[in-house]
Amino acid sequence: MARPRALLPLALAAVIVLVAVASAAAQADPRPPKAQGPKDPRPPKAQGPKPKPKPMKVKCQENKKLYPYCRKQMECPANCPQSCYVDCDLCKPVCVCNVPGACGDPRFIGGDGNAFYFHGRRDADFCVVSDRDLHINAHFIGKRGDGMSRDFTWIQAIAVLFDGGHKLYVGARKTAAWDDDVDRLEITLDGEAVHLPEGADATWTSAAVPALTVTRTKAANGVLVALDGRFKIRANAVPITEEESRVHRYGVAADDCLAHLDLAFKFDTLTGDVHGVVGQTYRSDYVNHFDVKASMPTMGGESSFTTSNLFAADCAVSRFGLGRHHGGAAVMSELAGVTCASGTGPGVVCKK
């Protein structure tokens with residue numbers, strides 16, 4: 001009977017060791033008490049896509065006396081929910097990128113209503129409109145996509161030269177993370193910053209050029225620049241989104257969302273000698289050689305439109321200032337009011 005008594009101390013020692021090991025293991029486990037149980041076999045719920053913003057509401061911004069029948073607010077179309085305006089003559093909303101101007105990797109719509117691409121090159125300036133008393137240059141930014149033989153390009157800024165040597169600049173500031181509520185537009189006139197009041201429809205009128213106004217078309221990143229009786233330019237600052245970068249392989253970096261301008265032009269008076277990338281399409285003798293059914297009809301002749309800097313009117317086809325010496329007759333831009341929409345094929349359908 002002595003053997004069990006001899007084993008008792010050994011059993012007690014084993015129990016003490018097991019308790020000590022269990023206590024140490026419990027202290028080493030960093031999980032809180034609620035996490036001690038079995039792990040939930042279900043994977044965490046994936047976050048869905050961000051809800052799309054509601055369509056922007058717009059209204060006719062022309063003189064109320066001229067358009068008394070067109071005063072109600074309207075929603076932007078589904079294909080441009082944040083980028084439209086009301087055509088007061090038609091009294092309906094139209095997309096900024098469906099009228100003469102330039103959007104995206106520059107897709108232009110000319111004064112004749114046909115769409116085409118002009119890629120230019122990054123970090124260079126090109127004349128897009130050149131007439132005797134109006135000249136518009138565009139500064140291109142760009143990025144080389146994976147496996148591409150050319151740069152993707154976008155219009156980052158424009159310079160408008162007009163009467164008396166005035167120089168207007170409208171540009172999108174370089175931005176890393178985009179926020180629709182933060183204004184990234186920069187505007188100057190003759191080197192002086194234009195300080196726009198806050199809020200949609202806020203208007204700034206130039207003291208030096210009383211006929212020149214800048215009006216916000218939305219709370220941030222959208223303006224209408226107008227020189228009474230001469231031109232209207234709509235400019236929206238927009239980014240390249242992650243989805244656009246993924247689909248088109250733009251390769252947008254985290255430190256630059258490639259903020260650029262979507263532009264719409266309307267000219268009240270141009271001469272028959274107007275030129276430039278899009279300006280030439282307003283000429284009565286302009287011949288369109290594009291295949292409008294092609295998916296990407298592209299204009300060449302880059303060297304004809306290159307300028308030495310954004311404010312220089314020295315492209316090979318420049319007409320700026322020539323009217324003072326050659327007396328070219330002014331003509332109304334009959335095609336300036338065309339609007340376009342996607343057709344059933346790869347081209348676009350345009351009409352006055």
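This is a predicted model: local features need pLDDT of at least 70, side-chain atom pairs count only at pLDDT 80 or more; totals for chains, interfaces and linings use all residues.

Reader: OK, disulfides. What is one, in general?
Author: A disulfide is a covalent bond between the sulfur atoms of two cysteines.

Reader: How many disulfides does the structure hold?
Author: Six. Let's look at some of them.

Reader: Start with cysteine 60. Which cysteine does it form a disulfide with?
Author: Cysteine 88, with the two sulfur atoms 2.1 Å apart. This pair ties together distant parts of the chain, 28 residues apart. Cysteine 60 sits in the loop between strand 1 (57-58) and strand 2 (74-75). Cysteine 88 sits in the loop between strand 3 and strand 4 (92-95).

Reader: Is the disulfide of cysteine 60 and cysteine 88 right-handed or left-handed?
Author: Right-handed, because the torsion about its S-S bond is about 115°.

Reader: And are those two cysteines buried or exposed?
Author: Cysteine 60 counts as buried, at 2% relative accessibility. Cysteine 88 is buried too, at 6%. The cut-off for buried is under 20%.

Reader: What about cysteine 97 and cysteine 103?
Author: They form a disulfide, with sulfur atoms 2.1 Å apart. The torsion about this S-S bond is about -95°, so the disulfide is left-handed.

Reader: How covered are they? Start with cysteine 97.
Author: Cysteine 97 is partly exposed, with a relative accessible area of 23%. Cysteine 103 is buried, at 10%.

Reader: Next one. Which cysteine is joined to cysteine 127?
Author: Cysteine 315, at 2.3 Å from S to S. This pair also links distant parts of the chain, 188 residues apart. Cysteine 127 is in strand 8, and cysteine 315 is in the loop between strand 20 and helix 4 (323-326).

Reader: What's the torsion there, for cysteine 127 and cysteine 315?
Author: About 105°, so this disulfide is right-handed. Cysteine 127 is buried, with a relative accessible area of 0%. Cysteine 315 is buried as well, at 4%.

Reader: You mentioned strand 8. Is it mostly covered or exposed?
Author: Mostly covered. Strand 8 spans residues 124-131, and eight of its eight residues are buried.

Reader: Which strands does strand 8 pair with?
Author: Strand 9 (residues 134-144) is one of them, antiparallel over seven bridges. Aspartate 131 has leucine 134 as its bridge partner there. Strand 20 (residues 306-307) also runs antiparallel to strand 8, joined by two bridges. In that pairing, aspartate 125 is bridged to threonine 307.

Reader: How many residues does the hairpin use to join strand 8 to strand 9?
Author: Two.

Reader: Remind me, what holds paired strands together?
Author: Strands of a sheet pair through backbone hydrogen bonds, either parallel or antiparallel.

Reader: Zoom in on strand 16 and strand 17. How many bridges?
Author: Six, in the antiparallel sense, between strand 16 (residues 222-227) and strand 17 (residues 231-238). Valine 225 stands opposite isoleucine 233 in strand 17.

Reader: What lines the largest cavity?
Author: Among the lining residues are Met56, Tyr85, Lys218 and Arg234. By class, the lining has six nonpolar, four polar and two charged residues.

Reader: Which strand gives the largest share of that lining?
Author: Strand 17, with three residues. Strand 3 (84-87) and strand 17 each supply at least two.

Reader: Last one. Where does glutamate 242 lie?
Author: In helix 2 (residues 242-248). Glutamate 242 counts as exposed, because its relative accessibility is 75%. The cut-off for exposed is over 50%.

Reader: How far is glutamate 242 from cysteine 257?
Author: Their C-alpha atoms are separated by 8.6 Å, and the two are 15 residues apart along the chain. Cysteine 257 is buried, with a relative accessible area of 6%.

Notes
Residues are numbered from 1 along each chain as its sequence is written. Side-chain values use heavy atoms; hydrogens and water are left out. Buried means under 20% relative accessible area, exposed over 50%, partly exposed in between (1.4 Å probe, protein chains only). Helices (H or I, at least four residues) and strands (E, at least two) are DSSP runs, numbered from the N terminus. Two strands pair if DSSP finds at least two bridges between them. On a 1 Å grid over the protein atoms alone, a cavity is a set of points where a 1.4 Å probe fits but cannot get out, and a pocket is an open set with protein on both sides within 12 Å along at least five of seven lines; lining residues have an atom within 4 Å of a point. Ala, Val, Leu, Ile, Met, Phe, Trp, Tyr, Cys and Pro count as nonpolar, Asp, Glu, Lys and Arg as charged, and the others, Gly among them, as polar. A disulfide is a pair of cysteine sulfur atoms within 2.5 Å.
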